[in-house]
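Work through these exercises on charged side chains. Try each task before reading its solution.

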Amino acid sequence: MSLIPESFIEPLQWFSDELKGSLNTESSVDADIVHKGLILYRQNSVSQLKLGEDGVLGTVQDVIPVKVRLDLNLPYSSECSCSTEGYCRHQLAVFFKILAHGSGSVSSWVDEWRQPLREKREAKTLGLDRAKDLLKTAGYMKPDYQTWTKAFRESFDQIVGSGNPKPYLVNELFGVYARRLKAGAPFKQEWKNLYMLIGAVVSFEKLLELSVNHEHDVAAVDRYYRHLFQNILDDIEDLSNRLSIQSMPFAFDEFIEQLKDDTLPLLLSDFSLEFDRVHLFRLLWSDLFKKKEWREEVMKQLEAVPNKNLPVTLGLSHLHLLLREDEKALALLRPLDEEITPYFFYWMEQLDNKRMEPFVIEFVSRIKEYLSWRNDYYACRSFMKMATQALTPFCSETNRLDIYEKALAQMLPYSFHEYEYFLFEKKEYEKWMELQTYVGFNFDNVSKDRIKILTAEDAPILLPLYHQAIQADIDGKNRDAYKQAVRKLKKLRTIYKKMKRIDDWNLFLEMLLVRTKRLRAFQEECKRGKLIDA
C-alpha cells in the first residue's frame, strides 16, 4: 500500500524513469553513486522526509548530516547541501526512501537500471560467438555481387538482428558484425575497396530495416546508434572516392550496375532519416554512378513517381545538377519549404564558383525562416558556423562580400560576433554601431584597441557610446561606478576637443552636473578628477 498521496505517484514515476536514463550504467562514477546511495538507504540514514510543493525534502545522516531536495518535475534541479555537483549518493538515498514509501521496489529499480549493462555484455559475447561460427564456415568468397550481399545480410541478421535487440544493444552488436565483415574481405586492394563499399551500403540498408522492424523511434535511434549511420556514410564517401580515382577493371562494371539498382529503393522508401538517405544517394551518384545514360534513366524513373516525397524531389534535383541542368534543379527546389536549407551545403561544396552563385543566393534567402523554424539556440548556432564556413570561400574568391554580409544579417542574433567583426574590419562603423545597439550595447565589451581606432578614424560615432556608458555608470549609484563614469568623461572631453566642439562639451557637462546635483559622491569624484573646480 502506498504511503504517499496519489498526486505524487505520477511525478515520482516520471522522476524515477528520468533518473534511470540519466545515470550511465557503464560509468564507474554513476555506479558508485547508486551503490553508496543504496547503502545509506538500507542503513536507515534518511530521516525527516517531507512532501511539498518544492518536491521531496529529506535529511541524510552521512559523515555529517546533509539536506536534500528532489525536484520531481525537473530532476536536474534537485539539490544537496554536500559539495558534489549533479546527482550524489544522498539524493539517491532519499529517492530510494520515497520510492519504497510509494510501493515501488528499490531492488527492482536497481536491477532494471543495471539490465542494459548486463544485456550488452551478454549480447557482445553472443555476437562474438556467432561471428566466430560464421568465420569458420565462410572461408574466402570469390568476387560475386550476389554472394557478397547475401553473406552481408545473413551475417547482419544473425549478429545484430537476431531476437528483439534493444536500441542500446545495437552499437555493440554492430561492432561485432563490422569486424566480421572486414574479416571476409578479399586480399587484393582494388577488390577489397569494392567489397567494403558494397558492405557499407548493405549495412546502411539493414540498419534502416532494423529500426523500422523493431519500432525504434527517432529519439531512440538518435540517442543510441545514429552515429553508426554517419560513420557508414563517411566510409562510403571515402571508398567511393578511392574507387572513382583508380582505373577500375571491366569486371567491376557488373558490380557497380547492380549496386546502382539496389540503392534506388533506399531513396524511394518511407524510412525515416531522410537526410542520411539523400546524402547516400548524392554521394554514390556523384562519385560512382557516372554514366550519363544511367543518370538519365534513373531521372525518368524518379519523374514517374506519383506524390513525390522530399528525398525523391531532392534526388531529382541532384541528377539535374549532375547533368548540368542547373535551372531545372533550382526550379524543383524553390517551391520547397525551409526544411531543405541544410541540403544546400553539399551542393555548395561540390559546385565550382561559376555555377554556385544562384544556389548561394537561394540558400541565403532561406536562412532566416530556417532558423525561426529550428528555434533551438545550440542547433542554430551550429548551423550558423557551418553556413559561414561554406560561404566564405565562394564570397572571398568572387568578391561577393555583399552576399556574405546578407547571410550574417539573416543569421542574427546567432551571428553577432562574426557580423560585428566583419563590419569593423570593413570600417563600416555606422553599421557596426547600429548592430551594437540592436543587441544592447555594453561599452565595457569594446576593446581599448578598437576605441583607439574609432577615436582616430571616426570620432563622432563614439559620442553616443560614451554618453550611454556614462549614464549607465551614474545609474549604478556607488563610488566605484562614479569613478568609472569620471574616467569616461575625461575621454569624452578629449574627443570633443579633437572635434573642436568644446562649447558642446561645456554645455553637456553643465547639464549633467545640474541633473546629478543631489548625487554628492558623484560630484566629489568629478572634483577629484578635475572636471570641475574644487
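**Exercise 1.** Find the salt-bridge partner of Lys260 and give the distance between the closest N and O atoms.

Solution. Lys260 pairs with Asp261 in a salt bridge, with the closest N and O atoms 2.8 Å apart. The criterion is a side-chain nitrogen of Lys or Arg within 4 Å of a carboxyl oxygen of Asp or Glu. Next, take the accessibility of each partner. Lys260 has a relative accessible area of 4%, so Lys260 is buried. Asp261 has 42%, so Asp261 is partly exposed. The classes are buried under 20% relative accessible area, exposed over 50%, and partly exposed in between (1.4 Å probe, protein chains only).

A note on the model: it is predicted, so local features need pLDDT of at least 70, side-chain atom pairs count only at pLDDT 80 or more, and totals for chains, interfaces and linings use all residues. Residues are numbered from 1 along each chain as its sequence is written, and side-chain values use heavy atoms, leaving out hydrogens and water.

**Exercise 2.** Classify both partners of the salt bridge between Glu428 and Lys426 as buried or exposed, or in between.

Solution. The closest N and O atoms of Glu428 and Lys426 are 3.1 Å apart. Glu428 is at 23% relative accessibility, so Glu428 is partly exposed. Lys426 is at 35%, so Lys426 is partly exposed.

**Exercise 3.** Which residues form the patch of negative charge on the surface, and which element gives the largest share?

Solution. The patch gathers Asp144, Asp253, Glu254, Glu257, Glu293 and Glu297. Two elements give two or more residues: α10 (252-268) and α12 (292-303). The largest share, 3 residues, comes from α10. Patch residues have over 30% relative accessible area and no salt bridge, with like charges joined within 9 Å. Take Asp253 in helix α10. Asp253 is at 36% relative accessibility, so Asp253 counts as partly exposed.

Methods. Patches are made of residues with over 30% relative accessible area and no salt bridge: like charges are joined within 9 Å, nonpolar side chains (Val, Leu, Ile, Met, Phe, Trp, Tyr) within 5 Å. Accessible areas come from the Shrake-Rupley method with a 1.4 Å probe; for residues, only the protein chains shown count as cover. Lys and Arg count as positive and Asp and Glu as negative; His and the chain ends are not counted. The place of a charge is taken as NZ of Lys, CZ of Arg, CG of Asp or CD of Glu. Helices (H or I, at least four residues) and strands (E, at least two) are DSSP runs, numbered from the N terminus.
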